[in-house]
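Visitor: I am new to this structure and would be grateful for a guided reading of its features.
Guide: Let us look at the structure together and take the features in turn.

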Amino acid sequence: MKKSKSVLFLFLAPAVLIFLLVFVYPIIRTVLMSFFKIDAVTDSISAWQFTGVENYIKLASTSIFRSSMLNLLKIWLFGGIIVMSLALLFAVILTSGIRFKKFFRAVIYMPNIVSAVALATMWLQYVYSPQYGLFKDMFSALGLDGLAKIQWLSSDHKFTALLIAYCFGMVGYHMLIFMSGIERISPDLYEAARIDGANKIKQFRYMTLPLLKGIFKTNITMWSITSVGFFLWSQIFSTVTADSQTITPMVYMYLQTFGAGNAVTERNAGLGAAVGVLLSICVVLVFTVCNRLLKDDDLEF
Amino acid sequence: MKKKLLSILLSATMAAAMLAGCGNSSSQNTPTQDPAPAQTETPSNTETPANNETPAESTGGTLVYWSMWEATEPQAQVIQAAVDKYMADTGVTVDLQFKGRTGQREGLEAALAAGQQIDIFDEDVDRVNGTWGSYLMDLESLVAETGYEQKASPALMQIARDVAGGTLKSIPYQASVFAFFYNQDLFDQAGITAVPTTWSEFLDVCQKLKDAGIVPITCDDAYIDCMIGYHLGRLGGEDKVVDIVTNGKWDDPIVKQMAEDYEELASKGYFSPNLAQNVWPAGQNTELALGGAAMYLNGSWLPNEVKNMTGPDFRWGCFSYPAVDGGVDGTEALNVSNQVLAINKDSKMAKEAFNLITYITQGEFDAMMAEQAVSIPTDTTNTTWPKLMANVKPVYEGITAEGRYSWAVGVESNNDITPIIKENFTKLCAGSMTAQEFVDAMIAASK
């Protein structure tokens, strides 16, 4: 087939141009911004004041930013372990040939269809309510008075409360990805293993898990990206003013870029950009480590 | 051949779609209503205040107005009604866009910086004059020309001038005061006959309520900083509060005194046991509005926010945060806030814009705003206040521009420390932290 370079250029040009404008330019601009003091995010470059790495130094020395990074790490690590474990467990159960598979799959996935705002409000104002909360009533009915008295939304437990609520909403999504991975594995392999005498646990340990390496990598990357962008749940769990237990770097970035909700506070879009750069580095790091640790190209099935 | 035809057709479709996408957006922003026929005379309806002062210009142009409200809110509905009337009277088209609070906060400045046509916009008085101050038109001459101030609150106008550096760049509407709101029935039940004006009277009121088996005070996480802000403000004034939070001067004696005063409230059991875990609006809805607690420090928008829970017969009371012994500010110092309307300095329709502002902030639509949004009228000739606001009147009438506090008396001026103040102060009120521990924790956090 005869190829015309001009036609190739013509068809590629819009996509390349849009890519440069929508992705490459903002990335370069954001990295540049992080070395300046900028009042408003839309200020022209002539209004930027060069400060070198001062924004990064300020972030490192600000205790509330360090708390926000720690919160993010805890959400990523503990939340990740909880969500991945539950998602994998449910995926294995649902793909094991149980009855009403579609029904259970829909039920577990349901929180993903409901608006996160509604979901978070339900947890805050109903499940954790100290007056008529679901947890309070449930634990009281079971005679577990110690658990019923837990002040879920006080500063001592607020992070745990946030984590439980968030994980509840995220399991279904990752379960679906695991299920698609498990269903990709041929039933013939399991049948052969069964004939060779492998029980369900051995099948899971020596077949399902190794063959799901690529899916794990996908899930961890997706989880990392959504964790880094953790904003909405934090905002709803601490309305109007941020909270040291639930603040995340994205919330801090928003406060620095657009100012606080009620009070008029100093803004520095350069500091916000520095937060963005740090978060991007985190995602790239996680992705690189995942790629190194979870090599899935050694198995073909 | 068929393939070639198909590819030509597809390319044409793509090009058309791209052109449509890149086209002038103004065609998408359909005005809220078709313009009424242009008029050349001043409208005859004398009930609308604007008409007395400024002859309506019938240029037939389009005013673009970005509003901070959501279209479903009562404030938005009143503004919509005013805009409809204005368009019918003057023939000027208004492209009214309700952006919501975050939409306005995130998008307005970018649009203004990009030179997009926005003639009028609104938001909180401090944000408009502070954050967006460089985009505002000076309104002194328009105000003088139209005699607008004859019916405007002198205190609110002075506040608007003060925050703009001495000249008027925004017009106030929907004023609110931040004070203690209480349940009058519970006060009566406890035998309280007068509102407290000093801290010792306040302690007496709390004790009487407690003796009557009533929880004296509740609060939510969103507003708890206002209590520490007010108390520090009473003791040292707003400038000192801002100095403490921005420069980390938590070893100032007024911090210790404030912490001891609140430790006393906590130790005597005057706070709701749920205070530590009240995430807004749990305290105002499930405690105050349902009669589970007597007092809540909040803005005068509160009766409107909880009116569906309290019902029409709830008897509201209101008093200014009490004066504290040895303090510099008395009960006359208040956080008065309001929304303002401002005109873009690059607007080519300033007179029309100001005329629309007059429609919204005075006369018929100001009265409608007070009624429907249960708020304080801005027009001094609108003397009928909503029933739910009746008890706010004595507090509001005491406001002065000099005694005006900004939000939370400046205690939230530093984004880096606000979450830590909130956490430690909540613990202080919940009784899980002593006054000294509070001071130590704040000194440590600000290092």
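Visitor: How many of the 6 residues of strand E2 (residues 93-98) of chain B are buried?

Guide: Two terms come first. Strands are DSSP runs of type E with at least two residues, helices are runs of type H or I with at least four, and both are numbered from the N terminus. Buried means under 20% relative accessible area, exposed means over 50%, and partly exposed lies in between, with a 1.4 Å probe and protein chains only. In E2(B), 5 of the 6 residues are buried, so the strand is largely enclosed by the rest of the structure.

Visitor: What kind of model is this, and how are its parts numbered?

Guide: This is a predicted model, in which local features need pLDDT of at least 70, side-chain atom pairs count only at pLDDT 80 or more, and totals for chains, interfaces and linings use all residues; side-chain values use heavy atoms, leaving out hydrogens and water. Residues are numbered from 1 along each chain as its sequence is written, while chains are lettered from A and ligands numbered from 1 in the order in which they are written.

Visitor: In which sense do strand E1 (residues 62-67) of chain B and E2(B) pair, parallel or antiparallel?

Guide: Two strands pair if DSSP finds at least two bridges between them. E1(B) and E2(B) are joined by 6 bridges in the parallel sense, and Tyr65(B) stands opposite Leu96(B) in E2(B). An antiparallel case is found in strand E4 (residues 171-183) of chain B, which has 5 bridges to E5(B). There, Phe178(B) has Gly299(B) of E5(B) as its bridge partner. Strand E5 (residues 295-299) of chain B is mostly covered, with 5 of its 5 residues buried.

Visitor: Which residues have the most contacts inside the largest nonpolar core?

Guide: In soluble globular proteins, nonpolar side chains tend to be buried together. A nonpolar core is a set of buried Ala, Val, Leu, Ile, Met, Phe, Trp, Tyr and Cys residues joined through side-chain atoms within 4.5 Å. The largest one here has 109 residues, and Tyr262(B), Met295(B), Phe425(B) and Phe438(B) have the most contacts inside it. Domain 1 and domain 2 of chain B each supply at least three residues to this core. A second, separate core has 43 residues, including Ala120(A) and Phe135(A).

Visitor: Which residues does Ile224(B) touch?

Guide: Ile224(B) belongs to helix H10 (residues 224-236) of chain B and counts as buried at 1% relative accessibility. Leaving aside residues up to four places away in sequence, Ile224(B) touches Cys219(B), Leu275(B), Lys422(B), Phe425(B), Thr426(B) and Cys429(B). One of these, Phe425(B), was named above for its contacts in the largest nonpolar core.

Visitor: Which residues of helix H2 (residues 54-61) of chain A are buried, and which are exposed?

Guide: A helix can be read by the arc of the directions from its axis to the C-beta atoms. In H2(A), Asn55(A), Tyr56(A) and Leu59(A) are buried. These buried residues fall within an arc of 100 degrees seen down the axis, so they line one face of H2(A). On the other side of H2(A), Glu54(A), Ile57(A) and Ala60(A) are exposed. Among the elements that the buried residues of H2(A) pack against are helix H1 (5-33) and helix H3 (63-94) of chain A.

Visitor: What covers the buried residues of H5(A)?

Guide: The buried residues of helix H5 (residues 116-127) of chain A are Leu119(A), Ala120(A), Trp123(A), Leu124(A) and Val127(A). They cover an arc of only 130 degrees around the axis, which puts them on the same side of H5(A). Their cover includes helix H6 (134-141), helix H8 (158-184) and helix H12 (232-237) of chain A.

Note on methods
Domains from an automatic or database assignment. Contact = heavy atoms within 4.5 Å.
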